[in-house]
Amino acid sequence: VTPIAILSDHDDKLKKGIVSPYLFPSVAVLDAELTVGLPPQVTAATGMDALIHAIEAYTSKNADMMSDMLAEKAMVLIYKNIRKAYTNGENLEARLNMLEGSLLAGMAFANAGVTAVHAFAYPIGAEFHIPHGVANSIMLVPVMEFNLSGMLGRFARISELIGLETSGLNEEQKAEMVLEELRKLSKDLGIPESLSVFGIKDEHIAGLAEGVMKVTRLLANNPRELNVGDAEDIYRKVL
């Protein structure tokens, strides 16, 4: 349900997007039974990718009423079901809820766009062959930390959407609670927490940061402008 295809540019060591309305399907079929054999690690990575689609669409500078409606419902469906689908792959209700959440998240970012999390995932995915959902999951929290000041109210609102206990907290505290919960979720799903697991070293950071800055299609949607120095700092947080 998106107009986007991603290809790897081996010369540039970067994943790049092709965007065209001709890529929209005529029909999308959501059949939970077809996902039952998906291994837990793939369930975790693809599920987190879908959740990040929703979070980034919701915090994109291009978000509007329509994309918000889709992203909010997607976050709720995915957050409430991803652990269940990961733990018990034969849970058809959880699998279907994940499919529906992924569908809505795709529709949301097809309208609002994703932001810098994906921009950071593209260079490490292309050069070090880190699975896309894993790359996004590792980069999610440090990029969100950077973006908080750009759209604090939106990040705080996510805490309420996914049902965290936030009574008496201000927006900054609510947003920080979201970050902590996303760290815990990724850990619960067995996703690696650092880039060094994949052989990335400090000597690679400058080149990767330059790659991030080339992903202008996505950086244009980000709620806060960043430069190459910011990109290096963000990568080093998860090295």
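Which residues does Tyr235 touch, not counting residues up to four places away in sequence? In this predicted model, Tyr235 touches Phe120, Pro123, Ile124, Met139, Leu195, Ile205, Leu208, Ala209 and Val212 when residues up to four places away in sequence are not counted.

## The nonpolar core

Tyr235 is also one of the residues with the most contacts inside the largest nonpolar core, a group that includes Phe120, Ile124, Met139 and Leu195 as well. This core has 74 residues, and helix H1 gives the most to it, with ten residues. In soluble globular proteins, nonpolar side chains tend to be buried together.

## The chain as a whole

Along its principal axes, the C-alpha trace spans about 45 × 45 × 35 Å, and buried residues make up 49% of the 239 residues. Of the contacts between residues at least 6 apart in sequence, 72% join residues at least 24 apart.

## The cavity

A search of the whole structure finds one cavity of 30 Å³ or more, and about 40 Å³ of space lies in the largest cavity. Its lining is made up of Ile55, Glu56, Thr59, Thr115, Val117, Leu140, Met144, Asn147 and Phe155, which divide into five nonpolar, three polar and one charged.

Helix H1 (40-58) and helix H5 (132-147) each supply at least two residues of this lining, and the largest share, three residues, comes from H5.

Terms used: Residues numbered from 1 in each chain as written. Predicted model: local features only at pLDDT ≥ 70, side-chain atom pairs only at ≥ 80, totals over all residues. Heavy atoms only, no water. 1 Å grid on protein atoms, 1.4 Å probe; cavity = no way out; pocket = protein on both sides within 12 Å on 5 of 7 lines; lining within 4 Å. Points joined across faces, edges and corners; volume = space filled by probe spheres on them. Helix = DSSP H or I, 4+ residues; strand = E, 2+ residues; numbered from the N terminus. Nonpolar A, V, L, I, M, F, W, Y, C, P; charged D, E, K, R; others polar. Core = buried A, V, L, I, M, F, W, Y, C linked by side-chain atoms within 4.5 Å. Buried < 20%, exposed > 50% of the residue type's maximum accessible area, 1.4 Å probe, protein only. Contact = heavy atoms within 4.5 Å.
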